[in-house]
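Please keep the sequence and the model at hand while reading.

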Amino acid sequence: MSSEIADTVRAGVGGDLADPVFWRAGAIATTAVMLVILAFLTIDSYRYISVGGLNVPKYDVINQHIGYEFNWSRHAAVPVIGGPEPLFGHKVTEAEAADLILKGKFVIQSRACMDCHTFFGNGAYYGPDLTKSWLDPAWPQIWMPMTGKTTREDAMVEFLMRPDKYPTWDRRMPNLRLTEAEAHAAVAYLKWLSAIDTNGFPANFGQAGK
């Protein structure tokens, strides 16, 4: 009797597996579940990657001092937003900051900076990654004295406008013919980038030679 029951069960299961309706229903159910999961993950990701979200500050952060410190609880270096430190000594509104940073992004795109540099690890590796370039200790240690400028942003503008005047080791940046306004916008974009929490990327940034 038990043998007959087993045969009936096997026949029933085999019949279900051979039925295309069974597989179609399974595929639809699986797709629906995955779409729901994807929707939740997308919504959660936007909390981190949207401007003004958990990891990406608003554009007017360029009005503030931006530091970089190791967070022991996270085991990673993170940006630290400090007190007032307006870029070029001029405080801008959020709308003005957004417009300036957008122009800076277009400057970097129009000059194909990613042909030599990387942003967030994407691009070429001839030059350094620029994600945290605003925070590079070389600006106050080397470039401010070399250019004769008293602020980080002024040294960056001077270098961006006349890189051929300040050759960097064996790999030299070409003169991209930036106007002063374009250089200002590019620096604003780079300062904003430095305030983004990239979970410690690039690793060991600013530690070389220490």
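The text below takes the salt bridges in turn and then the cysteines.

This is a predicted model, in which local features need pLDDT of at least 70 and side-chain atom pairs count only at pLDDT 80 or more, while totals for chains, interfaces and linings use all residues. Residues are numbered from 1 along each chain as its sequence is written, and side-chain values use heavy atoms, with hydrogens and water left out.

## Salt bridges

The structure holds four salt bridges, the term meaning a side-chain nitrogen of Lys or Arg within 4 Å of a carboxyl oxygen of Asp or Glu. The table includes three of these pairs.

| Asp99 | Lys103 | 3.4 Å |

Asp99 and Lys103 both belong to helix 3 (residues 94-110), where they are four residues apart, about one turn of the helix; helices (H or I, at least four residues) and strands (E, at least two) are DSSP runs, numbered from the N terminus. Asp99 counts as partly exposed because its relative accessibility is 40%, and Lys103 likewise counts as partly exposed, at 47%. For these classes, buried means under 20% relative accessible area, exposed means over 50%, and partly exposed lies in between (1.4 Å probe, protein chains only).

Glu182 is partly exposed, with a relative accessible area of 23%, and Arg111 is partly exposed, with a relative accessible area of 23%.

## Cysteines

How many disulfides does the structure hold? The count is zero, where a disulfide is a pair of cysteine sulfur atoms within 2.5 Å. For Cys113, the closest cysteine sulfur is that of Cys116, and the 8.4 Å from one sulfur to the other is too far for a bond. Cys113 is buried, with a relative accessible area of 15%, whereas Cys116 is partly exposed, with a relative accessible area of 29%.
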